[in-house]
Amino acid sequence: GHIVSSLDSKGVDLKYAAEQDVDLAWNTGYTLAGSYRVHTILQDAAGIVAENFVPFAVSPDIKINAIIVSDKLLYQPRENALIGVTIRDDGTNSIIPELKAAITISGPENTVLLAEEKIFTNLFPGMSNTVNSTWNTELAAPGQYTASVEISLNGSVVSTKSAVFSIDRVATITGSVVAAPS
């Protein structure tokens, strides 16, 4: 593998059969999550006395933030509702290969009227991505509706959000009537 970081070399004077612990700190900072190993070498003036490798892992810092919004708060019958979902990787050390977004729209009696799944791939730390869903209100009953999103990573839910909007009670009719003499 490649060297990620070199820690201090320390000179230690040890008597025969003596032991001494040496603590060295390494701030993983923005080091990508994954498997690593510590390579230690003990040497004296004649050369290497002992060498050791100890594996360890840097865990991913998974922080997914989701936002769901509708393009309007109030819709009329037969109008398209545009639902936008943005997800952001607020973590610092892992590229998320795939996230699934389950988007639903539920009516006033919690009946699911729209259910879609969107896939987000290769989300880098600090990066965000937006997808849209469209649902036509048709002649849905007036009232309050809920757009929800559930974000999953490897089958586990990592974020949920919802937004509400309404469908108006009355459709607005515009136009004019003209009477022509016969």
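Here is a short chat about how some labels in this predicted model were assigned.

Author: Quick ground rules: this is a predicted model, where local features need pLDDT of at least 70, side-chain atom pairs count only at pLDDT 80 or more, and totals for chains, interfaces and linings use all residues. Residues are numbered from 1 along each chain as its sequence is written, and side-chain values use heavy atoms, with hydrogens and water left out.

Reader: Why is S106 called buried?

Author: Buried means under 20% relative accessible area (exposed is over 50%, partly exposed in between; 1.4 Å probe, protein chains only). S106 has 13%, so S106 is buried. S106 belongs to strand β6, residues 96–106; a strand here is a DSSP run of E with at least two residues, numbered from the N terminus.

Reader: What does S106 touch?

Author: Contact means heavy atoms within 4.5 Å. Skipping residues up to four places away in sequence, S106 touches T111, V112, L113, Y145 and T146.

Reader: And N93, why does that count as buried?

Author: N93 sits at 5% relative accessibility, so N93 counts as buried. Its place is the loop between β5 (80–89) and β6. Neighbours within four places aside, N93 is in contact with T31, L32, A33, V58, S59, P60, D61 and P125.

Reader: Which backbone atom does the side chain of N93 reach?

Author: The backbone nitrogen of D61, at 2.7 Å.

Reader: How do you know that β9 and β10 pair?

Author: Two strands pair if DSSP finds at least two bridges between them. Strand β9 (residues 143–153) and β10 are joined by 11 bridges, so they pair, and they run antiparallel. One example is E150, whose bridge partner in β10 is T160. The hairpin of β9 and β10 has two residues between the strands, and N154 there takes a positive phi near 55°.

Reader: What joins β4 to β10?

Author: Two bridges join β4 (residues 74–75) to β10 (residues 156–167), and these strands run parallel. In β10, S166 is the bridge partner of L74.

Reader: What makes up the lining of the largest pocket?

Author: By class, 17 nonpolar, 11 polar and seven charged residues. Ala, Val, Leu, Ile, Met, Phe, Trp, Tyr, Cys and Pro count as nonpolar, Asp, Glu, Lys and Arg as charged, and the others, Gly among them, as polar. The largest share, nine residues, comes from β1.

How values were computed:
Helices (H or I, at least four residues) and strands (E, at least two) are DSSP runs, numbered from the N terminus. A polar contact is a pair of N or O atoms within 3.5 Å; within protein, one must be able to donate a hydrogen and the other to accept it, and residues adjacent in sequence count only if both atoms are side-chain atoms.
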